[in-house]
Amino acid sequence: MKNGKFESALGTINIVLLCTISLVTLIPLYYVLALSFTDPTEYLVKGGQLLFPDKLSLASYKYLLSTATFKNATFVSIGISLIGTLVSLAVTSTLAYGLSRKRLLGRKIMLRIILFTLLFNPGIIPNYILVKDLHLINNYAALILPVLTSGWYVILMKSFFDNIPPELEEAAMLEGCTDITVFTKIVLPLSLASIAAFGLFYAVSYWNSFFNAVLYINDPKKWTLQVLLRNMIIDSSTSTAGGAVSMESAETPPAETLKMAAVILATIPILIVYPFLQKHFDKGVMLGSVKG
Amino acid sequence: MHLSTAYQQKDVNTLIDYNTKKKKKIFTSIKQNIFLYLLVLPGVLYFLLFKIIPMWGVLISFQNYSPYTGLMHSEWVGLQNFKELFANSDFVLIFRNTMAISLLNLVFYFPVPIILSLMLNEVTNRRFKNTIQSIVYLPHFLSWVIITGLTFVLFSQSNGLINNLLVSMGFEKYNFLTNPKVFWPILTFQAIWKDAGWGTIIYLAALSGIDVQQYESARMDGASKIQQMWHITLPGLRNVIITLLILRIGHIMDVGFEQVFLMQNSAVSQVSDVFETYVYRVGVQNGRFSYSTAVGVFKSAIGLILVIVTNNIAKKCGEEGVY
């Protein structure tokens, strides 16, 4: 009985701790949210003490969404994410499927090589020189092609395809289907969950990618949202959110609230996509990596 | 004499027959499966072009590379770049910084997902568990740019939330962001905030694979919760923990580049320069291609050796390796 009380006390402590951890996770995000909706005049007066602003205001958001720089960067990021995800999925799934078919010659060597590329990376410079020699500097393709396919995802997807019964394939081939038709008409429809999961992971990765843009893109008109965000955040000027966003003055909200509004806007797509991502966490996507 | 040459001739003929038959087999196999090969072609091309070809870039570190003369015609200087690296006082600095950040990570970050997953595992209410999971998984999907932004706004000395709290509790404002003494711990906190929740996924999956009956029989034998955890749960996690530990050690040189790059400033440069930021600065910004490639190659080579060594050690201890 004593044991029982002690254990239920432990259980309560456990729950309390978990709640605290959740709060610690959420508070920074909440703070940013609160700041972003703060009325500019109130911010100037109270500084950074606001967890509960008196007046809510959309001034920061309205300003950001009116600048060409911000809109440009958003379009660039959306474009790269959409196109990148589609192409990445196509290349990853075809490669993974092919590697899952035992009749592919050189299959084992290819898998070994892919694994090796995951363990050894020659570094920034060789990749930079390659992109330069391909004349892709300052080209949007430099944000997609060098990172087109993740070796991890290929290996994980291949494990998934390994489980597709060969009878399906054989039956279709008997009917005269080519491998490509088998892939598109039979295998893909069966793998939608897996494709969706990796698609979301790719999308988030493209959306968040920052360093490649810094490395390969020089033209401010081609900045991605993350690059713009970083320039805004580092700029510590108090009059505007830096020349990073626009040259106008006078009516612009204080730098801090603008920065926070930008952060929130950059996070929204992730939040939208998040519930869909959640559904796939517990499924074989992850278990494949533990067992495989 | 005649007999042996006759046998030798027969062997040679058999060998030739075998080789041509083998080549024919390969050709027919490719022809039969041509569409399969077409399917994998884009992926293969990607790996060849963007993964294999840059590996040849390793050669640049042995040269005095210039973009004008290219890989083929640049002057060969052997180990000179590496010698220069090891003689450079910067090297000690970046090595120390990289190791310090990685080790702090290993000691403080690595256990957190394990503990967190054990805590989550004890929760019986499914809805509560799922809610907590949703919350702690979220930061993993935020970019480092966003997390740096959050850090700046929270820890800012002038009007950050944390400093305001300190002041209201009677303390003085503390410089978090341009202070070399706390740079490394802040990086560790960021890493924990971002990825500890996400890291629980693998452990939770392993935990769900432990046989429930073991707990039942342990309880019937009178084992307390703590004893159950020690004798059943933790051994069940052993494999996963060791595998992940191997991977982590193998990646000890890979300090999160974006994270450090974004958090760096001139005040903390002594403690914040790591291998990859050094390569970026010296290579891309200052154009010293050969030297910086040597730095990058050194770092990657050490990482590779570490993974191989730790993998073999794990196998010798009876665990499944990573490959």
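Trainee: Where is H135(A) found?

Mentor: H135(A) sits in the loop between α6 (124–133) and α7 (151–162) of chain A. Keep in mind as we go that this is a predicted model.

Trainee: What is the phi of H135(A)?

Mentor: Here's the general idea: most residues other than glycine have a negative phi. H135(A) has a positive phi of about 60°, although it is not a glycine. N138(A) is another case, with a positive phi of about 70°, and it is not a glycine either. N138(A) also lies in the loop between α6 and α7 of chain A.

Trainee: Let's step back. How many helices and strands does chain A have?

Mentor: Chain A comes to 14 helices and 0 strands. Of its 292 residues, 37% count as buried. Now take the contacts in chain A with a separation of 6 or more: residues 24 or more positions apart account for 70% of them.

Trainee: Which domains are assigned in chain A?

Mentor: The assignment gives domain 1 (2–66 + 235–281) and domain 2 (68–217). Notice that domain 1 is written as two stretches of sequence. Taken over C-alpha atoms, the centres of domain 1 and domain 2 of chain A are 33 Å apart. Where they touch, 10 residues come from domain 1 of chain A and 9 residues from domain 2 of chain A.

Trainee: Which elements give two or more residues to the domain 1 side?

Mentor: Those are α3 (59–66) and α13 of chain A. The largest share, 6 residues, comes from α13(A). By class, that side of domain 1 of chain A has 8 nonpolar, 2 polar and no charged residues.

Trainee: Over to chain B. How do the axes of α10(B) and α12(B) cross?

Mentor: With a helix pair, look at how close the axes come and at what angle. The axes of helix α10 (residues 180–208) and helix α12 (residues 225–250) of chain B come within 9 Å and cross at roughly 140°. Angles over 145 degrees would count as roughly antiparallel, so α10(B) and α12(B) are oblique to each other. The crossing is right-handed.

Trainee: Which residues make that contact?

Mentor: From α10(B) come I202(B), Y203(B), A206(B) and L207(B), while α12(B) brings T233(B), G236(B), L237(B), V240(B) and L244(B). Sorted by class, the contact has 7 nonpolar, 2 polar and no charged residues.

Trainee: Last one: how many residues does each chain give to the contact between chain A and chain B?

Mentor: Chain A gives 74 residues and chain B gives 73 residues. Helix α1 (residues 2–36) of chain A makes the largest share of chain A's side, with 16 residues. That side has 48 nonpolar, 20 polar and 6 charged residues.

Technical notes. Residues are numbered from 1 along each chain as its sequence is written. Chains are lettered from A and ligands numbered from 1 in the order in which they are written. This is a predicted model: local features need pLDDT of at least 70, side-chain atom pairs count only at pLDDT 80 or more; totals for chains, interfaces and linings use all residues. Two residues are in contact if their C-beta atoms, placed from the backbone, lie within 7 Å. Helices (H or I, at least four residues) and strands (E, at least two) are DSSP runs, numbered from the N terminus. Ala, Val, Leu, Ile, Met, Phe, Trp, Tyr, Cys and Pro count as nonpolar, Asp, Glu, Lys and Arg as charged, and the others, Gly among them, as polar. Axes are lines fitted to C-alpha atoms, for helices over the stretch in contact, and angles run from 0 to 180 degrees between N-to-C directions. Angles under 35 degrees count as roughly parallel, over 145 as roughly antiparallel, 65 to 115 as roughly perpendicular and the rest as oblique. A crossing is left-handed if the near helix is turned anticlockwise from the far one by less than a right angle, and right-handed if clockwise. A residue is buried if 20 or more other C-beta atoms lie within 10 Å of its own, exposed if 12 or fewer, and partly exposed in between; C-beta atoms are placed from the backbone. Domain bounds come from an automatic or database domain assignment.
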